[in-house]
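Reader: I would like to learn how to read a protein model. Can we take one feature at a time?

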Amino acid sequence: HKHERNGLAVAAPCTPDTDSEAPASSMRGLVAALVLAGAVASPYRPSFDHQTQTYTVSHKPVSVDGSINLELFFSPDHSIDTITNLIQQAPDGSRIDIGTPSMDSWVGCTYGDSGCQGCNVTGMRGETFPVFPAILNAAHQRSVSFRIISNNYNTPTCEGQIAPFDWLALQSNIEVRYFASVTFLHEKYVQVVPPAGTPGVNGSASGRKGAVSSVNWSRTSFTKNREAGVVLVGKGGGEEELLDALTAVFEDDWSRTTPYTVNNTYSPSEMSVITSPAALPVTIPSPPSIPGEFVTPVPTVFSTSASSTSGVFVSPDYSMDTLLADLNTTQSSLEIHIYQVTDDTLCDKIEELFNNGVNVTLLASSAIYSFYDKNGARYCYKRLYDAGMSIRLTPSFFTYSHQKYWIIDGKKLGLSTGNWSPTDFNWPMPGQSGTYPAFPDPDWQDANRDLQFFTTDAGVIQRFRQVLNNDYEQGTDYTTSW
């Protein structure tokens, strides 16, 4: 099990109540150290890397001028209701596309210590992660079809057991497939596509809804972390072009996927339970009560200003180029609210801006799951601290502050599913001209699929800055003893 990563990692069944995106980059750091010591050959291929064909970048940044329709949401307050309701409110006959690094069980069905995962059929049917029964109810009660892409961690289901993706894959109108475009699927993405003829879907208004966020499908991400995301709401504005761009990325990845295999067989009586169309209870937990936390409001749909510009861009396609081009426009201030900064190029850029007189605010997670990721962050933060920059660590009442967004000159917000880390923002290898060859090509590199959103709308920026400022006040100063 592995999600938040800067690189090399191996997967193992999840352990309860850890950040779903945190494990496994620790193994990457260990292997990187061994490579430097000459103990293992380089490059090392992560066990979850199933890319077999060269990936050529093709998804250029897309921006639109004028109003777009969207919602804003944050963990731990309103991410679980936002994502669950996207599925529960999908019109009859819709298609829902999902990209997620993994899907964690809230009742222990993705945990194990013997190299496999799962629980019995009765236990899996009682899954309390609300997205799971919401998917099944939509599929059985409203004829909603699903396409789900996730990573292959080579973790089998234990004999006689069943895991969440097994259960979903056994439904007639749910397809589960494995990511294989580049090394790792790191996006957190849901798009609802209503059928033609749905009330309210006419002319240029598609009725689609597309969520892009930092939220992994784990209890920790939904209910214990600080996370951030947006939902584009297709009402005929500029968001339609952005939804088209996100759809194109998903279609590209879907065309490269490999089949998900259910490695157990089930008796007729078990299959009757697994495929039962009976409605399942969906219980959305109330937001937690955390003393001192700034509680974000219930998301509502609103329109950005007619004078604003918004857009999306994609990792690995042009992601580093686009981010650096934006950062190079910075004149007066840069505010960063992020899980971790471990990429040397981006750490260099922060230091350069600070040395050039830019007022830099860096609010980074006080807790990082991986020891090796934390060491990478320590290296960057100490450099910045030694340059004279103040760094703030997020409040400890969150398990992790896993949001990933930044504000340039108070005028432009960027939000990502990925961190400022080498696998999330990178370039093709020198001389590769926009290609990412598969292992064991000598120019292979460890790269994530991530999604980014940006906007210049003042109202959106104000809400994200409000969260940053309140978390900043509740945080603590970084010191080199961290």
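Reader: Let us start with two strands. How many bridges join E4 to E5, and do the two run parallel or antiparallel?

Author: Bear in mind that this is a predicted model. E4 and E5 run parallel, and five bridges join them. To follow the pairing, pick one residue and look across. Asp 97 stands opposite Arg 147 in E5.

Reader: Does E4 run parallel or antiparallel to E8?

Author: Antiparallel, with five bridges between E4 and E8. Here Ile 98 stands opposite Val 190 in E8.

Reader: Is E4 mostly covered or mostly uncovered?

Author: E4 is mostly covered, as four of its five residues are buried.

Reader: Now the whole sheet. What is the order of its strands?

Author: Read across the sheet, strand by strand. The order is E11-E6-E5-E4-E8-E9-E10-E3-E12. That is an open sheet of nine strands, and its pairing is mixed.

Reader: Which strands are at the edges?

Author: Look for strands that pair on one side only. Those are E11 (258-259) and E12 (302-303). E11 pairs with strand E6, residues 174-178, in the antiparallel sense over two bridges. Within that pairing, Arg 177 has Pro 259 of E11 as its bridge partner.

Reader: Which strands does helix H2 touch?

Author: H2, residues 79-88, packs on the sheet. Its contacts are with E3 (69-75), E4 (95-99), E5 (145-150), E8 (189-193), E9 (209-213) and E10 (227-233). The direction of H2 makes about 135° with that of E3.

Reader: Next, the inside. What is the general idea of a core?

Author: In soluble globular proteins, nonpolar side chains tend to be buried together. Now the case here. The largest nonpolar core has 44 residues. Those that touch the most other members are Ile 83, Ile 96, Ile 135, Phe 146, Leu 168, Ile 174 and Trp 217. Helix H4, residues 131-141, gives the most to this core, with seven residues.

Reader: What does the second core include?

Author: The second core is separate and has 41 residues, among them Tyr 55, Ile 149, Ala 228 and Leu 243.

Reader: On to disulfides. What is a disulfide, in general?

Author: A disulfide is a covalent bond between the sulfur atoms of two cysteines. A search of the whole structure here finds three.

Reader: Which cysteine does Cys 109 join?

Author: Cys 119, with an S to S distance of 1.8 Å. The link of Cys 109 and Cys 119 is right-handed, with 80° about the S-S bond. Cys 109 and Cys 119 are 10 residues apart in sequence, and each lies in the loop between E4 and helix H3 (121-125). Both Cys 109 and Cys 119 are buried.

Reader: How far apart are the sulfur atoms of Cys 116 and Cys 158?

Author: They are 2.0 Å apart, and the two cysteines form a disulfide. Cys 116 is in the loop between E4 and H3, while Cys 158 is in the loop between E5 and helix H5 (164-169). That pair links distant parts of the chain, 42 residues apart.

Reader: Why is Cys 116 called buried?

Author: Buried means under 20% relative accessible area. Cys 116 has 14%, so Cys 116 is buried. Cys 158 has 17%, so Cys 158 is buried too.

Reader: Where do Cys 347 and Cys 380 lie?

Author: Cys 347 lies in helix H10 (residues 344-355) and Cys 380 in helix H11 (residues 371-386).

Reader: What pattern do the disulfides follow?

Author: Count the bonded cysteines along the chain, and the pattern is 1-3, 2-4, 5-6.

Reader: Last, helix pairs. How are two packed helices described?

Author: By the angle between their axes and the distance between the axes. Helix H9, residues 319-327, packs with H10 at about 5°, and their axes are 11 Å apart. Angles under 35 degrees count as roughly parallel. So H9 is roughly parallel to H10.

Definitions and conventions: Residues are numbered from 1 along each chain as its sequence is written. This is a predicted model: local features need pLDDT of at least 70, side-chain atom pairs count only at pLDDT 80 or more; totals for chains, interfaces and linings use all residues. Side-chain values use heavy atoms; hydrogens and water are left out. Two strands pair if DSSP finds at least two bridges between them. Contact means heavy atoms within 4.5 Å. Axes are lines fitted to C-alpha atoms, for helices over the stretch in contact, and angles run from 0 to 180 degrees between N-to-C directions. A nonpolar core is a set of buried Ala, Val, Leu, Ile, Met, Phe, Trp, Tyr and Cys residues joined through side-chain atoms within 4.5 Å. Buried means under 20% relative accessible area, exposed over 50%, partly exposed in between (1.4 Å probe, protein chains only). A disulfide is a pair of cysteine sulfur atoms within 2.5 Å. Angles under 35 degrees count as roughly parallel, over 145 as roughly antiparallel, 65 to 115 as roughly perpendicular and the rest as oblique.
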